[in-house]
Amino acid sequence: MVKVHIARAGRAGPGLYRAHVGYLQRDGVDREGEGGVLYDRDNEGISPRDFLERSEQDRHQFRIIVSPEGGARMGDFKQATRDLMARMEADTGRRLDWIAVDHHNTGHPHTHIVVRGRDARMKDVVIARDYLTHGLREAAEDLVTQRLGPRRALEVAETRQKQVDQDRWTGLDREIENLIDGSVFEPGDASSSGERFSRSLQIARARHLQTLGLAEPAGAVAWRMKPGWQEQLKRRGRRGDIIRTLAAEFGERKKHIQFVQDRDADATPIQGVVKAYGAEDELRDTRYMLVEDFDGGIWHVPAGAIDPTSRPSRGAVVELSRASALARASDTAIARVADETGGVWSEDLHARHDPGSKPAYRLSLKRRLEALRRAGIGERLASGEWRIDETFIERAAEYEARRSGGVKLTVLSWLSPEAQIERMGETWIDGLSETDAERCIELGNLQMRRQAWLREQDVLQAGQANLSDEQRIRLRALDLKQNSDAIAARSNRTAVDLANGDRLHGRLEGHVDLAAGRMAVIGNAKEFALVPWRSALGRQTDRELTLKRTASGIGWTVGNGRSKGIFR
């Protein structure tokens with residue numbers, strides 16, 4: 001198996017490359033459960049620093065996963081990887097700059113290879129799509145065959161036989177898909193022994209799909225396939241992969257993992273603690289999340305529900321619910337103009353019907369339509385205008401729900417429950433009600449421990465169970481001051497509290513997690529400010545921002561002056 005992805009830095013910048021290499025080196029991926037060992041054409045155990053520094057200005061990078069069948073018999077992958085990259089250089093006519101790491105943390109040992117988007121002469125590397133999708137795989141197959149010998153007919157037959165009862169998408173399913181007429185699969189006649197063997201496997205596979213509820217009999221030897229059976233099989237496979245990789249983290253409890261997206265839309269939201277992350281797609285660096293609720297249940301959260309630029313860390317308290325099919329405000333604005341123009345939208349038409357809108361805003365609406373068009377929603381006309389039909393809002397809302405995996409993730413506290421117990425600030429635990437404590441033993445214990453500590457600090461008085469509004473305000477202010485003073489002492493700068501009309505120009509340096517929420521740190525050489533975190537800031541780290549206090553809050557703009565949002 002060979003997979004290739006071209007990653008583009010885009011707005012994320014070189015941080016995208018650093019994050020990927022860091023993830024490939026994470027603990028537990030080698031044979032001894034230690035971190036991955038990086039190597040290149042000449043050396044092993046190398047540091048990624050030089051490679052990443054060389055890559056900082058690259059517009060893209062190539063990410064490759066190579067997983068040979070029977071890879072366990074190959075022993076050390078390093079020489080095989082070097083031979084493959086030498087073949088790739090010969091095929092492309094370029095000397096490539098690359099690093100690799102071998103992973104042995106799954107049932108299928110595999111190698112990750114990262115190739116810079118520039119060659120040794122600092123020229124952009126462009127590789128034909130056909131080579132990436134076919135040629136590289138063929139080269140890898142040749143090299144593996146040289147080491148292990150050609151696959152015997154018996155080995156091929158055994159591999160196909162194993163696919164019969166697998167709860168995932170297989171080569172047999174691809175064969176069945178190619179033979180479907182309408183929605184009915186009926187195996188053809190077979191004359192040779194090889195054809196009879198294939199036919200028997202296909203029939204056995206169809207019967208297994210019937211037991212999974214993905215097919216139903218449509219004759220003596222025929223099956224009607226259920227709509228979406230292919231995607232359901234692929235989803236089952238992904239879930240199986242997730243469960244199999246969790247043995248080290250949860251042991252026997254891995255068998256009891258539940259999926260939030262399987263719950264009814266009106267089910268009560270789940271509150272719990274982030275326990276772990278796992279790779280949903282190692283090429284694209286997407287991660288699923290595991291959350292343990294306060295009754296001990298383990299829940300899987302799909303990557304689509306997680307903001308990759310602002311992931312809550314292990315221990316954070318989150319709430320999980322089914323995502324509502326709601327369109328964005330931008331979709332509503334587009335539809336409103338289209339209703340007034342006979343189902344057509346353009347930047348000029350929008351400006352005519354909403355003269356107060358700014359060009360940057362109208363351009364953002366156009367980009368939103370481009371994204372929706374790629375998902376099959378909306379139609380761009382030859383005139384440059386867009387046709388918006390009466391189903392636009394509904395379909396855009398469904399698209400948003402699908403992108404999140406059908407799950408809504410809300411961070412209740414960036415701090416773990418244990419960190420909140422003795423925190424001099426207003427915490428999530430302080431907001432728990434008596435009903436919460438009575439419903440769940442764990443929540444009741446957290447509440448009692450927190451109240452006991454607050455009494456020791458003379459914050460709560462004897463007989464007082466809950467904080468007053470005045471005490472909450474005082475605790476929030478104290479927590480903010482303590483963290484602000486700590487940053488000021490470390491950086492030898494002055495913390496500023498912007499008054500109405502004040503401005504501050506600086507760089508988004510990162511964030512600090514208070515008991516009451518996450519705060520962005522924006523500063524320059526002399527001063528800094530802490531302002532409430534917004535998800536849109538995730539991609540702005542290390543960029544220049546300007547803050548301005550107004551009557552409605554603190555507005556912020558990026559370096560080029562485009563308004564981005566308001567902190568309230």
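**Salt bridges and other contacts**

Modeller: Asp124 is partly exposed, because its relative accessible area is 26%. Keep in mind that this is a predicted model.

Biologist: Which side chain does Asp124 meet in a salt bridge?

Modeller: That of Arg59, with N to O at 2.5 Å. Asp124 sits in the loop between strand 4 (110-116) and helix 4 (129-148), and Arg59 in the loop between helix 2 and strand 2 (60-66), so the pair ties together parts that are 65 residues apart in sequence.

Biologist: And Arg59, buried or exposed?

Modeller: Arg59 is exposed, at a relative accessible area of 57%. Both Asp124 and Arg59 belong to a network of salt bridges, which also links Arg54, Asp58, Asp97, Arg116 and Arg118.

Biologist: Why do such side chains pair up?

Modeller: Side chains of opposite charge can pair when their charged atoms come close.

Biologist: How many salt bridges are there in the whole structure?

Modeller: A search finds 30. One of them joins Arg41 and Glu89, where the closest N and O atoms are 2.7 Å apart. Arg41 is in the loop between helix 1 (15-24) and helix 2 (49-55), while Glu89 is in helix 3 (residues 78-92), so this pair ties together parts 48 residues apart in sequence.

Biologist: How accessible are those two?

Modeller: Arg41 has 24% relative accessibility, so it counts as partly exposed. Glu89 has a relative accessible area of 13%, so it is buried; the cut-off for buried is under 20%.

Biologist: Which residue does Arg450 meet in a salt bridge?

Modeller: Arg450 meets Asp430, at 2.9 Å from N to O. Arg450 belongs to helix 16 (residues 441-456) and Asp430 to the loop between helix 14 (417-421) and helix 15 (434-439), so far as sequence goes 20 residues apart. Arg450 is buried, at 1% relative accessibility. Asp430 is buried as well, with a relative accessible area of 8%.

Biologist: Changing topic. How many helices and strands are in the chain?

Modeller: The chain has 17 helices and 24 strands. Of its 568 residues, 43% are buried. Among contacts with a separation of 6 or more, 61% are between residues 24 or more positions apart.

Biologist: At what angle do helix 12 and helix 13 cross?

Modeller: The axes of helix 12 (residues 359-374) and helix 13 (residues 392-403) cross at roughly 75° and come within 11 Å. Helix 12 is therefore roughly perpendicular to helix 13, since angles of 65 to 115 degrees count that way.

Biologist: Which residues make the contact?

Modeller: From helix 12 they are Arg368, Leu369, Ala371 and Leu372, and from helix 13 they are Phe392, Ala396, Tyr399, Glu400 and Arg403. Sorted by kind, six are nonpolar, three are charged and none is polar.

Biologist: What about helix 17? What span should it have?

Modeller: Helix 17 (residues 469-491) has 23 residues, which at 1.5 Å a residue should span 33 Å. Its end C-alpha atoms are 33 Å apart, so the two values agree.

Biologist: Which of its residues are buried?

Modeller: In helix 17 the buried residues are Gln471, Arg472, Leu475, Asp479, Asn483, Ser484, Ile487 and Ala488. Their cover includes strand 18 (494-495), strand 19 (503-514), strand 20 (517-523) and strand 21 (527-532).

Biologist: What comes just after that helix?

Modeller: Asn492, with a positive phi of about 55°, although it is not a glycine. Asn492 is in the loop between helix 17 and strand 18, and it counts as exposed at 71% relative accessibility.

Biologist: What is phi like at Asp458?

Modeller: Phi of Asp458 is positive too, near 60°, and this residue is other than glycine. Asp458 lies in the loop between helix 16 and helix 17. At 61% relative accessibility, Asp458 counts as exposed.

Biologist: Last one. Where is Trp414, and is it buried or exposed?

Modeller: Trp414 is in the loop between strand 17 (407-413) and helix 14. It is buried, with a relative accessible area of 14%.

Biologist: What is Trp414 in contact with?

Modeller: Leaving aside neighbours within four places in sequence, Trp414 is in contact with Ser310, Arg311, Pro312, Ser313, Ala316, Asp513, Gly517 and Arg518. Trp414 and Val317 are 6.5 Å apart from C-alpha to C-alpha, and 97 residues apart in sequence.

Technical notes:
Residues are numbered from 1 along each chain as its sequence is written. This is a predicted model: local features need pLDDT of at least 70, side-chain atom pairs count only at pLDDT 80 or more; totals for chains, interfaces and linings use all residues. Side-chain values use heavy atoms; hydrogens and water are left out. A salt bridge is a side-chain nitrogen of Lys or Arg within 4 Å of a carboxyl oxygen of Asp or Glu. Helices (H or I, at least four residues) and strands (E, at least two) are DSSP runs, numbered from the N terminus. Buried means under 20% relative accessible area, exposed over 50%, partly exposed in between (1.4 Å probe, protein chains only). Axes are lines fitted to C-alpha atoms, for helices over the stretch in contact, and angles run from 0 to 180 degrees between N-to-C directions. Angles under 35 degrees count as roughly parallel, over 145 as roughly antiparallel, 65 to 115 as roughly perpendicular and the rest as oblique. Contact means heavy atoms within 4.5 Å. Ala, Val, Leu, Ile, Met, Phe, Trp, Tyr, Cys and Pro count as nonpolar, Asp, Glu, Lys and Arg as charged, and the others, Gly among them, as polar. The expected span of a helix is 1.5 Å times one less than its number of residues.
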